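This briefing concerns a predicted model, and it should be read with the sequence and the coordinates side by side.

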Amino acid sequence: MVEAWHQPTAAPAPTDDHGRPQLVIEMLNTAERIAVPAQCDDGGFRALDLDRLAHRLRDTRNGNELPMDPALMDLVYRIQRHFQAGAIRVVSGYRTRKPTGQSNHGRGRAIDIVVPGAKDEDVAAFVRSQGFVGVGLYPTSGFVHVDIRPASYYWVDWSGPGQRNREQATLASQAAANDARAAASGVRPHTRWSEPSGDVDAVWRNAGSTSAPSDTEDTEDDIEEDP
Ligand SMILES: [Zn+2]
């Protein structure tokens, strides 16, 4: 299964009218697929397309969705282009935030991905080089967690699907250096994003639709289902 995820796509990403590859998202859970055009080489997606992406990247356990931080979508697009991949395969996008949750998945700022045709280690290395990111390698489960944040942090987690997380920080000395290099080249830290929809947790509470996942703690990645 994990190996199949990493197989290259049958076709390259479709291009837009300018010959630029579109961002292609394939959801491993639902087999849904979406292609959206970027406005420039580094990304830049129209509000309508960001809405479509947010819907595809919803929490499939309960259908909740939240706008995704546009800067995360730009980063995902750069990953796809760097590896000349036909798509980005997504293990998990938005995950409903728990009342005390700190996960960037609950803020629309994190995504767990597989890049078809690329090794997870290479994907992680590229994302680290971008600066102001969280990068988690999951060698057993076979994906890379990517998020955007004010200061980089990297980890490895050998736990498998359904197991308790075992994050181990890694390459701490590189994190600051990568951020400094990114800043020198004009990249700004990803400070807290003001989510457009306000207190979404309260909205869901009031709607009676908050069904907190049954695991015991909120770490970045608590995969509870086999995609
Ligand atoms: Zn994750």
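Which residues in α3 meet which residues in α4? On the α3 side they are L75, I79 and H82, and on the α4 side they are V123, F126, V127 and Q130. When these contacting residues are sorted by class, five are nonpolar and two are polar, while no charged residue takes part.

**Overall layout**

- Of the 227 residues in the protein chain, 36% are buried.
- Among the contacts between residues at least 6 apart in sequence, 57% join residues that are at least 24 apart.

**Geometry of the α3 and α4 pair**

- Helix α3 spans residues 70-82 and helix α4 spans residues 120-130, and their axes come within 11 Å of each other while crossing at roughly 130°.
- With that crossing angle, α3 is oblique to α4, and the crossing of the two helices is right-handed.

**The buried face of α4**

- The buried residues in α4 are V123, A124, V127, R128 and Q130, and, seen down the helix axis, the buried residues of α4 fall within an arc of 145°, so they line one face of the helix.
- Following α4 comes G131, whose phi is positive, with a value near 85°.

**R89 in strand β3**

- R89 lies in strand β3, which covers residues 88-92, and this arginine counts as buried because 24 C-beta neighbours lie inside 10 Å, where the cut-off for a buried residue is 20 or more.
- Although R89 and V115 are 26 residues apart in sequence, their C-alpha atoms are 6.2 Å apart in space.
- Which residues are in contact with R89, once its neighbours within four places in sequence are left aside? They are W5, E26, L28, I113, V114 and P116.

How values were computed
Residues are numbered from 1 along each chain as its sequence is written. This is a predicted model: local features need pLDDT of at least 70, side-chain atom pairs count only at pLDDT 80 or more; totals for chains, interfaces and linings use all residues. Axes are lines fitted to C-alpha atoms, for helices over the stretch in contact, and angles run from 0 to 180 degrees between N-to-C directions. Helices (H or I, at least four residues) and strands (E, at least two) are DSSP runs, numbered from the N terminus. Angles under 35 degrees count as roughly parallel, over 145 as roughly antiparallel, 65 to 115 as roughly perpendicular and the rest as oblique. A crossing is left-handed if the near helix is turned anticlockwise from the far one by less than a right angle, and right-handed if clockwise. Two residues are in contact if their C-beta atoms, placed from the backbone, lie within 7 Å. Ala, Val, Leu, Ile, Met, Phe, Trp, Tyr, Cys and Pro count as nonpolar, Asp, Glu, Lys and Arg as charged, and the others, Gly among them, as polar. A residue is buried if 20 or more other C-beta atoms lie within 10 Å of its own, exposed if 12 or fewer, and partly exposed in between; C-beta atoms are placed from the backbone. The arc is that of the directions from the helix axis to the C-beta atoms.
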